[in-house]
Amino acid sequence: MLLKPFTFYLPITLSEALTLYASLEEVRILAGGTFLLNSLKLLKRKGTKTPQNILSLRKIDELKGVYLEKDQLVIKAMTIINDLFASPSLVDNFRVLKTVCRNISTNPIRNMATVGGNLTCRYTWTEMGAVMIALGAYMHFIGKDRKEAIIPAEEFFNTGAKTDKIFTHVAIKRDKTASIAYRRVRKNSDVDVPLLAVCVKTNFKEDHFTNTRVTVNNGVTFARRDFILEEFLNNSSCQNGVAKEALDHLDTSIYDTRSDDYKKHMFRLSLKNAIIELVEKQKNV
Ligand SMILES: Cc1cc2nc3c(=O)[nH]c(=O)nc-3n(C[C@H](O)[C@H](O)[C@H](O)COP(=O)(O)OP(=O)(O)OC[C@H]3O[C@@H](n4cnc5c(N)ncnc54)[C@H](O)[C@@H]3O)c2cc1C
């Protein structure tokens with residue numbers, strides 16, 4: 001299906017992109033295009049108005065790349081998922097991103113979709129959000145007025161994941177002592193999108209869970225933390241029964257939201273297995 005006509009802008013610097021973004025009306029930002037182009041087709045099919053101007057960030061090299069800088073990892077917004085996966089900078093607590101990237105859909109999608117698109121597309125089920133919250137990431141944006149805004153990923157997703165700025169990069173503090181487990185369940189075998197995902201990050205101190213973050217992608221609301229489970233784990237030690245006991249300390253409002261019995265079961269199994277993984281890893285240290 002042909003899209004409705006629009007004017008396509010392909011700036012090569014962020015400064016040029018910001019000038020265009022500030023001056024154009026009815027403009028949409030284009031990253032990898034894997035969602036946006038499809039949504040333009042859907043809008044056309046429904047007979048709804050589509051934007052007159054598309055501003056592609058694809059040629060802006062300063063928005064691409066992954067690197068370690070002092071004690072943090074910087075991931076630029078236009079980094080494609082497969083490039084993040086292949087990055088040698090994914091060490092220590094950043095290693096979990098390899099697992100997340102590997103699980104995202106299929107190779108053709110991973111070769112086009114960007115980290116920025118994944119975080120800002122406002123689909124509740126995309127996977128980077130929960131992990132960025134678990135890692136305590138900060139998201140950096142630049143507005144039409146060229147002012148930078150730095151927002152914790154947690155706040156971004158708690159407040160509707162909406163932006164009228166250009167997302168430029170995400171920064172995550174390096175943590176050499178963090179232990180992290182990620183579990184994801186696919187929705188069906190035809191199109192690989194997640195049904196749910198959970199991420200548990202902790203720092204074991206003398207075999208006690210500390211600074212634990214449990215983040216959940218329930219596919220219905222934006223990624224969020226389970227504070228009840230976090231509190232339980234932070235008062236627990238690393239022993240065999242903890243994973244089973246943890247299931248009595250869940251914020252059920254997160255897992256029960258529009259979940260059928262299968263999904264509720266898979267949430268419990270995923271959390272249990274994630275905690276078992278952390279306990280076993282710690283015991284082998
Ligand atoms: C078939 C299929 C399967 C998928 N499976 C998974 C999966 O299993 N797990 C998963 O996590 N994701 C999955 N995705 C989502 C995918 O990983 C991408 O995140 C998503 O398609 C959007 O990325 P994009 O770069 O193509 O963004 P685009 O489609 O180009 O843009 C998406 C939206 O984000 C906005 N945007 C993009 N970049 C910026 C920026 N820098 N600043 C401000 N706004 C911006 C755009 O304006 C647009 O509204 C799947 C997608 C498809 C099509």
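Biologist: Which residues does Tyr21 touch, not counting residues up to four places away in sequence?

Modeller: A contact means heavy atoms within 4.5 Å. By that rule Tyr21 touches Val27, Ile29, Leu55, Lys144, Asp164, Lys165 and Ile166. Before we go on: this is a predicted model, where local features need pLDDT of at least 70 and side-chain atom pairs count only at pLDDT 80 or more, while totals for chains, interfaces and linings use all residues. Residues are numbered from 1 along each chain as its sequence is written, and side-chain values use heavy atoms, leaving out hydrogens and water.

Biologist: Is Tyr21 buried or exposed?

Modeller: Buried means under 20% relative accessible area, exposed means over 50%, and partly exposed is in between (1.4 Å probe, protein chains only). Tyr21 has 8%, so it's buried.

Biologist: How many salt bridges does a search of the whole structure find?

Modeller: A salt bridge is a side-chain nitrogen of Lys or Arg within 4 Å of a carboxyl oxygen of Asp or Glu. The search turns up 14. One of them joins Arg183 and Glu277, with the closest N and O atoms 2.6 Å apart.

Biologist: Which parts does that pair tie together?

Modeller: Helices (H or I, at least four residues) and strands (E, at least two) are DSSP runs, numbered from the N terminus. Arg183 sits in strand β9 and Glu277 in helix α12 (residues 261-283), so the pair ties together parts 94 residues apart in sequence.

Biologist: Which residues are linked in a network of salt bridges?

Modeller: Glu127, Arg184, Arg186 and Asp192. Within it, Asp192 and Arg184 pair up at 3.2 Å between their closest N and O atoms, and both are buried.
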